[in-house]
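Take a walk through this protein, from its overall make-up down to a single residue. Keep the viewer open while reading.

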Amino acid sequence: YQRRVRAQWQSTLVDNSDAVVPLWRAIAALGAQQVGETAAKGVARQFGSFCALVDALLAESGAEADASVLHRLSASDNVGSVAGPSLLARVRELASTADGRDLLYSLALWAHDAGSADLSRAAAAAVAGGRRFAMTGSPRGETRAVVAKRLAARGDALLADVGKTAEARPDYLVVCDNARANSAKQRKALALGVPVISEQEFLDME
């Protein structure tokens, strides 16, 4: 049952770029064993933001560092002895693959942390004078998170998807070299009149 719920949450988040979801749901959608709604809410209260959680889990490895972050996880409400190590292992597993890193990035964009703006909307608003890009496929030799940071440094932004509303719609959709032909993002971009460019054209614009 928990696997079905997590799969449903992940599908909802990844397919809906306009979603604003509570932080705990993004944590539950990571797919860690024994991290359902109750435990995820405890972790959310302890760490305060999705990025803070992931940064803490990936900051260092080794027995001492692992013990420190596991202690912090165990201090969260309703997080048992299995949930903490499971969450740590799951985030590190996701961070080790391109698809997993894309999922982490997407969840960070769509998680709504108490007291903070939704990151995808904040990014769109912050670059009113800059360019907004979305990507289909994985960029050459780097993650989307790295691309997003580079774009932000020059006043542009990388959005998670091709949204229907003006604030969530990119100026360009970048089709990476390894992207699936006629992907869902490409179809949405064409339907909405968003220019579609190749990865090399994107790199030439930097």
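How many helices and strands are there in the protein? The model is a predicted one. It holds eleven helices and six strands. The protein has 206 residues, and 45% of them count as buried. Contacts also reach across the sequence. Take those between residues at least 6 apart: 66% of them join residues at least 24 apart.

Start with the sheet. Strands of a sheet pair through backbone hydrogen bonds, and the pairing is either parallel or antiparallel. Here the sheet is open and has four strands. Their order is β4-β3-β5-β6, and the pairing is parallel. Which strands form the edges? They are β4, residues 157–158, and β6, residues 196–198. Each of these pairs on one side only.

Helix α10, residues 184–192, packs on this sheet. The helix touches β3, β5 and β6. Strand β5 covers residues 172–175, and the direction of α10 makes about 150 degrees with that of β5.

Now look at the pairing of β3 with β4. Strand β3 spans residues 132–136. Two bridges join β3 to β4, and the two strands run parallel.

Move on to a pair of helices. Two packed helices are described by the angle between their axes and the distance between the axes. Helix α5 covers residues 63–74, and helix α6 covers residues 83–95. Their axes come within 9 Å and cross at roughly 120 degrees. Are α5 and α6 parallel or oblique to each other? Angles of 65 to 115 degrees count as roughly perpendicular and those over 145 as roughly antiparallel, and α5 and α6 are therefore oblique to each other. The crossing of α5 past α6 is right-handed.

Which residues make this contact? From α5 come D66, V69, L70 and L73. From α6 come G84, P85, L87, L88 and R92. By class, the residues of the contact divide into six nonpolar, one polar and two charged.

End on one residue of α6. S86 lies in this helix. Is S86 buried or exposed? Its relative accessible area is 16%. Buried means under 20%, so S86 is buried. What does S86 touch, leaving out residues up to four places away in sequence? It touches A32 and Q33.

Notes: Residues numbered from 1 in each chain as written. Predicted model: local features only at pLDDT ≥ 70, side-chain atom pairs only at ≥ 80, totals over all residues. Heavy atoms only, no water. Pairing = 2+ DSSP bridges. Contact = heavy atoms within 4.5 Å. Axes fitted to C-alpha atoms, helices over the stretch in contact; angles between N-to-C directions. Parallel < 35°, antiparallel > 145°, perpendicular 65-115°, else oblique. Left-handed = near helix turned anticlockwise from the far one by under 90°. Nonpolar A, V, L, I, M, F, W, Y, C, P; charged D, E, K, R; others polar. Buried < 20%, exposed > 50% of the residue type's maximum accessible area, 1.4 Å probe, protein only.
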